[in-house]
Amino acid sequence: MPVCLTCKTTRVLYPAVRFFTLLLLHSVCTTSLFAQAPVSLTVELDKPGAAVSPQLYGLMTEEINYSYDGGLYAELIRNRAFKDNPKAPDHWSVIQEGDGKASINLDNKQPVNDALTVCLRLDIEKTGKRTGIANDGYWGIPVKPQTTYRLSFYAKASGAENAPLTVGIESNDGTTVFATAQVTGIGNQWQRYTANLTTAKDIKPTAEARLVISAQHTGTYWFNLVSLFPPTYNDRPNGNRADIMQLLAGMKPAFLRFPGGNFLEGDMFSSRYDWKKTLGGIELRPGHPGCWSYRASDGMGLLEFLEWCEDLKMEPVLAVFAGYVLKRDYLEAGPLLKPFVDEALEEIEYVTGDVNTTWGARRAKDGHPAPFKLTYVEVGNEDGFDASGSYDGRFAQFYDAIKAKYPQLQVISTVGGKDPLGMRVKFSLRRPDAIDEHYYRNAWEMEEDAGHYDNYSRTGPKIFVGEWATREGSPTPNFNAALGDAAWMTGMERNSDVVVMSCYAPLFVNVNPGGMQWKSDLIGYNALSSYGSPSYYAQKMFNTYKGDVVLPVTAANIPTRNRILSGRDSAAGKQPSQVPVLFYVATRDTKTGTVYLKVVNAAGTAQTVKIDIKGAAKIASTGQSIIMKADGPEDTNTITEPEKIVPVASKATGFGKSFTRTFPAWSITVLQLETK
Ligand code: AHR
């Protein structure tokens, strides 16, 4: 085992990188002795290494931080099926203007069907100037000019049959009506009504708005599944917000891991992600209690996840419920677990089966006859928390059943890796095709461990870094977090023969007060707009500018800095250490010859580096540099300053077989060189 004599650091090294890592380790440890020696990076074109996994960068998602309801899922009405609070119609209010007199209450004696069991009852004693109901949306209803909103609702009336209703989007104080329409013929049986609400050209976008349904007759009215959709990405009727989808499309993600995360498991067996209850028309979906403090409408159901994949050309990475829930209840492997194994097989059939299979036919009935491509199935989530040790057997039972029916599928386990959680429990019965590791850390930890995967066995299971993030900044990460992320990504990319997939988590946060349950989330939004954090742009840069093979890079004299210990570090008995300030990875596109050299400067001083490119017949003197930098580590993007920090691409000159570059303080750079 190699030992750096200066600092006595001992590391197990993967042979292909042992030499370079030793050089780096040596330089890291000895910088203080040779502080003036030139910093250099040598890229070897003629010694291409591992192939870069085409699925290296993807997305992870679950219902947290109002990710779907109040987030990506474009529904604008909050508590549309009146189940959010069994005691009161949250987010609904009664309108009584002038001398109007009315009241609203939940009513569970008028079910529309088995899914829509609670409705809103409006009793109008006196119509006055105006009486009705209003919904305040997810922190407001976003109103934009020249936009058509699709309203639908179930209604019935008593004592006011056939009376018209006025529907509209208006300012919270009711003084400005942005769009209005009439709905006529409300009968005494449940029926679905629709209206289009179109705003004028000249209105100023605002989220200080509400939906109002008002009646001109006294009597009793009942409402259920009140739904309002703006235009959606690709015009899907039950679809997604276009602005957030555009941000995601910009990342060119290769896959989507869903539906969790904790959301897959649920607090209890009864509140696990029960995919069958998320199928069909939204009127057939009962919704369920989520595990992040609010109820999920399940408007974003299994088919919507798959269509999200289709829209962004991502492959689904399907996580199946594996018999363990957050409140630590579980089923041992055996006959009691079998129904859940069968459910997972049916779910896979729903995703991949042709229309002659039971669940493929169901998918066709739901509107999507074509099967989806599926390579990876993950069994459970973070089963390292299951101290009973049941995962070994549970995984084996799922693995055997999946492989027997779908031998082509790659099965991912949630334990067995080298992440702290994955190492917690014994795991040996089956060898998974891949292991999901999770890392939530601060920037120091990410930077100090950027060589994490240099040491991994090349003969073991592949690694799926299924959740990771540098957690600094709230609600979305700051630039220091992006630096930690970028340092970590250099390590994943350099080792992407082992790390075949990775995805940051959580992906989304609604930045309104009360919207966040987990800080440091990649993309933030309110009702009207959305933005990418510096970490979002770091990922976008890494995925956009990458080749298909890794090139070896030898470093010399990389400066280091003292790691500042946090209270948590000191409590954990950590000793101060020296952490490199520069991180790097090089890849090459073998078809075009383009080389991408990524350099992260985590320090507050610019770093001048001599760069040597070996083994190229020719290097164009002109290329491109893409630089993202900040004025300080805590600098960030926000909902009001969404693009304060973004990568800037510009023409770069002076490239050659040997050249010098200065990397700005706190910066992430890609040098794009054209080589032959
Ligand atoms: O990403 C937030 C949570 O972190 C996930 O739900 C869970 O898998 C992990 O503990």
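Start with the spot where two helices touch: L247, G250 and M251 in α2 meet Y536, Q539, K540, N543 and T544 in α10. By class, that α2–α10 contact has three nonpolar, four polar and one charged residues. Keep in mind that this is a predicted model.

**Helix α2 with helix α10**

- Helix α2 covers residues 242-251 and helix α10 covers residues 534-544, and their axes come within 8 Å.
- The two axes cross at roughly 40°, and α2 and α10 are therefore oblique to each other.

**Helix α5 with helix α6**

- Here the partners are α5 and helix α6 (residues 358-365), with axes that come within 7 Å and cross at roughly 50°.
- That angle makes α5 oblique to α6.
- As for handedness, the crossing of α5 and α6 is right-handed.
- On the α5 side, the residues that meet α6 are E346, E349, Y350, V351 and T352.
- On the α6 side, T358, W359, G360, R362 and R363 meet α5.
- Sorted by class, the residues of the α5–α6 contact come out as three nonpolar, three polar and four charged.

**Cavities**

- The count of cavities of 30 Å³ or more comes to five.
- The largest cavity has a volume of about 60 Å³.
- Its lining is made up of L264, Y273, W275, A319, F321, F340, E343, A344 and E347.
- Which helix gives the largest share of that lining? Helix α5 (residues 338-352) does, with four residues.
- By class, the lining of the largest cavity holds seven nonpolar residues, no polar ones and two charged ones.

**The second largest pocket**

- The second largest pocket has a volume of about 610 Å³.
- A set of 28 residues lines this pocket, and P420, H438, Y439, Y440 and R441 lie nearest its centre.
- Two elements, β19 (434-441) and α8 (443-448), each supply at least two residues of the lining.
- Strand β19 gives the most to the lining of this pocket, with four residues.

**Cis peptide bonds**

- F258 and P259 are joined by a cis peptide bond, with omega about 0°.
- P259 sits in the loop between β13 (255-258) and α3 (262-265).
- A cis peptide bond also joins A505 and P506, where omega is about -15°.
- You'll find P506 in the loop between β21 (499-504) and β22 (508-510).

**A positive phi**

- K313 has phi near 55°, a positive value in a residue other than glycine.
- Where does K313 lie? K313 is in the loop between α4 (302-311) and β16 (315-320).

Definitions and conventions:
Residues numbered from 1 in each chain as written. Predicted model: local features only at pLDDT ≥ 70, side-chain atom pairs only at ≥ 80, totals over all residues. Heavy atoms only, no water. 1 Å grid on protein atoms, 1.4 Å probe; cavity = no way out; pocket = protein on both sides within 12 Å on 5 of 7 lines; lining within 4 Å. Points joined across faces, edges and corners; volume = space filled by probe spheres on them. Nonpolar A, V, L, I, M, F, W, Y, C, P; charged D, E, K, R; others polar. Axes fitted to C-alpha atoms, helices over the stretch in contact; angles between N-to-C directions. Parallel < 35°, antiparallel > 145°, perpendicular 65-115°, else oblique. Left-handed = near helix turned anticlockwise from the far one by under 90°. Contact = heavy atoms within 4.5 Å.
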